[in-house]
Amino acid sequence: MIRTVNVRACVILAVVSVALIGGGYLLHQSQIGRQAEFYRDRGEKALAEGGDAKQAMDDLQRYLGLTGFTDGDAMAQLGELLADAGRLPEAQQMLSRACQRKPELTQARRRLVEVAVARGRYRDALVHLDDFLMSDPDAELYEWKGTCHLGLGEYKPAIDALTNALAEGTKVLGEDSER
């Protein structure tokens, strides 16, 4: 006795299976999105109200974990909070990721340089400082560059950077006195 396969039933079963799997995936993505928004909003609310920084850090970490660390602004915000809390290695990592994701975050890049200098990671800081100084020379940046070179035992570049810091600072003082 030869049995035949019910092709119509197999096709219907396959279509229903694909529809259920696709629907489950879309439902899952929707729930993840809603949960991520909840954590982002709660973290921003805690910061806006001057509330618990630890709670804001936890919420931003959860938000970023749910979104796959794709939000450069949230990473920068979390990096700032971590730096303020004294968790410098984590702050440097988060700020670095934020700057890679969104290079136009100048405040985050400045904070990254500050954290790198505080940790004694002078080579890391110099990479970012050189980028900064090309676009926007500033006395504080030259001072940090001098500090980095001093920390690395490179005295001639340190003197040059600190001399530039004095020159930039004098320009700023001159502009202020003209007002």
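Let's start with Glu 168: it is buried, with a relative accessible area of 14%. Buried here means under 20% relative accessible area; exposed means over 50%, and partly exposed is in between, using a 1.4 Å probe and protein chains only. Glu 168 belongs to helix α8. Helices are DSSP runs of H or I with at least four residues, strands are E runs of at least two, and both are numbered from the N terminus. What does Glu 168 touch, leaving aside its neighbours within four places in sequence? The partners are Pro 137, Asp 138, Ala 139 and Tyr 142. Contact means heavy atoms within 4.5 Å.

A word on the model. It is predicted, so local features need pLDDT of at least 70 and side-chain atom pairs count only at pLDDT 80 or more, while totals for chains, interfaces and linings use all residues. Residues are numbered from 1 along each chain as its sequence is written, and side-chain values use heavy atoms, with hydrogens and water left out.

Now the cores. A nonpolar core is a set of buried Ala, Val, Leu, Ile, Met, Phe, Trp, Tyr and Cys residues joined through side-chain atoms within 4.5 Å. The largest one has 24 residues. Those with the most contacts inside it are Tyr 63, Leu 64, Leu 78, Leu 82, Met 94 and Ala 108. Which helices each supply at least two residues of this core? They are α1 (7-48), α2 (53-67), α3 (72-84), α4 (88-101) and α5 (106-119). Helix α3 gives the largest share, 7 residues.

Take Leu 82. Not counting residues up to four places away in sequence, Leu 82 touches Met 57, Arg 87, Glu 90, Ala 91 and Met 94. There is also a second, separate core, with 13 residues. Val 113, Ala 116, Ala 125 and Leu 126 are among them.

Next, Phe 69. Find it in the loop between α2 and α3. Most residues other than glycine have a negative phi. Is Phe 69 buried or partly exposed? Partly exposed, because its relative accessible area is 23%. Arg 97 lies over the face of Phe 69, 4.4 Å from the ring centre. A charge sits over a ring if NZ of Lys or CZ of Arg is within 6 Å of the ring centre and within 35 degrees of the ring normal. Arg 110 does this too: its charged end sits over the ring of Phe 132, 5.8 Å from the centre.

Cysteines now. How many disulfides does the structure hold? The count is 0. A disulfide is a pair of cysteine sulfur atoms within 2.5 Å. For Cys 99, the nearest cysteine sulfur is that of Cys 148, 15 Å away. Cys 148 is in no disulfide either. Cys 99 has 4% relative accessibility, so it counts as buried. Cys 148 has 0%, so it counts as buried.

Last topic: charges. Side chains of opposite charge can pair when their charged atoms come close. The structure holds 14 salt bridges. Each is a side-chain nitrogen of Lys or Arg within 4 Å of a carboxyl oxygen of Asp or Glu.

Here is one. Asp 73 forms a salt bridge with Lys 102, the closest N and O atoms being 2.8 Å apart. This pair links distant parts of the chain: Asp 73 is in helix α3, Lys 102 is in the loop between α4 and α5, and they are 29 residues apart. Asp 73 is partly exposed at 38% relative accessibility. Lys 102 is partly exposed as well, at 25%.

Another: Arg 123 bridges to Glu 154, with the closest N and O atoms 3.0 Å apart. Arg 123 lies in helix α6 (residues 122-135) and Glu 154 in the loop between α7 (139-151) and α8 (155-178), so the pair ties together parts that are 31 residues apart in sequence. At 23% relative accessibility, Glu 154 is partly exposed.

Arg 111 and Glu 114 meet in a salt bridge at 3.9 Å, N to O. Both lie in helix α5, 3 residues apart, about one turn of the helix. Arg 111 counts as buried at 14% relative accessibility, whereas Glu 114 is partly exposed at 38%. Salt bridges that share partners join Glu 80, Asp 84, Arg 111 and Glu 114 into one network.
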